[in-house]
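Please go through the sheet and the packing in this protein.

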Amino acid sequence: MDAAIVDRLQQDGRLSNAKLAEQLALSEASCWRRQKRLEECGVIRGYQAVLDRRKLGFGVMAFVQIVCTQHGEEVTAAFEEVIRSCPSVLSCHNTTGEADFLLVVVARDLDDYSGFVDKVLRRLPGVASIRSNLSLREMKETNRLPVLEAPYR
């Protein structure tokens, strides 16, 4: 039942408790308790609107691979602080393979992205190389997890 609750809320985070309970054939009190428990244990971390980046003027999406020469605690902490504070960076992953980090970055246009590379990425401590791949066309975009298909529920 918890998987069904989070699946429905992923589809519509504005779904009222009454409507959610109705869709799942639960009492409102039971549905509310389950949802609150999922929030309290951190399964549900929050609710937000899904925005269209292009309609807001962010026409460029880049996947940026960063290779670092230094991996010390101080250098890594400084790197992470800069990345966390930068609103253009949608996500950052410490990865295996050739690159140490993979970033997803948005920018208004190529000039804006170029400025981001010059003013932010090239000034990061311990960076040996930066490789950018620009998205030409987005075929799928979602944050929804396949909770109903997960074999380990």
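The report below covers the sheet, the helix on it, the cores and the aromatic rings.

The model is predicted; local features need pLDDT of at least 70, side-chain atom pairs count only at pLDDT 80 or more, and totals for chains, interfaces and linings use all residues. Residues are numbered from 1 along each chain as its sequence is written, and side-chain values use heavy atoms, with hydrogens and water left out.

**Sheet**

Four strands make an open sheet, ordered S2-S3-S1-S4, with antiparallel pairing. Strands (E, at least two residues) and helices (H or I, at least four) are DSSP runs numbered from the N terminus. Two strands pair if DSSP finds at least two bridges between them. In general, strands of a sheet pair through backbone hydrogen bonds, either parallel or antiparallel.

S2 (89-94) and S4 are the edge strands, and each pairs on one side only. From one strand to the next, the twist averages 20°. S1 covers residues 60-68 and S3 covers residues 101-107. S4 runs over residues 127-134. The table lists the two pairings of S1.

| Pair | Sense | Bridges |
|---|---|---|
| S1 and S3 | antiparallel | seven bridges |
| S1 and S4 | antiparallel | seven bridges |

Toward S3, Phe63 stands opposite Val104, and Val64 stands opposite Leu103. Toward S4, Ile66 faces Ile130.

Helix H4 packs on the sheet and touches S1, S2, S3 and S4. Contact means heavy atoms within 4.5 Å. The direction of H4 makes about 155° with that of S2. Axes are lines fitted to C-alpha atoms, for helices over the stretch in contact, and angles run from 0 to 180 degrees between N-to-C directions.

**Cores**

A nonpolar core is a set of buried Ala, Val, Leu, Ile, Met, Phe, Trp, Tyr and Cys residues joined through side-chain atoms within 4.5 Å. Buried means under 20% relative accessible area (1.4 Å probe, protein chains only).

The largest core has 19 residues. Val64, Ile66, Leu103, Tyr113, Phe116 and Leu121 have the most contacts inside it. S1, H4 (73-85), S3 and H5 (110-119) each supply at least two residues of this core. S1 gives the most, with five residues. Another core lies apart from it, with 12 residues, among them Leu15, Cys31, Leu38 and Ile44.

Which residues does Ile66 touch, not counting those up to four places away in sequence? They include Phe79, Phe101, Leu103, Leu121 and Val127.

**Rings**

Arg108 lies over the face of Phe58, 4.4 Å from the ring centre. The rule asks for NZ of Lys or CZ of Arg within 6 Å of the ring centre and within 35 degrees of the ring normal.

Terms used
Buried means under 20% relative accessible area, exposed over 50%, partly exposed in between (1.4 Å probe, protein chains only).
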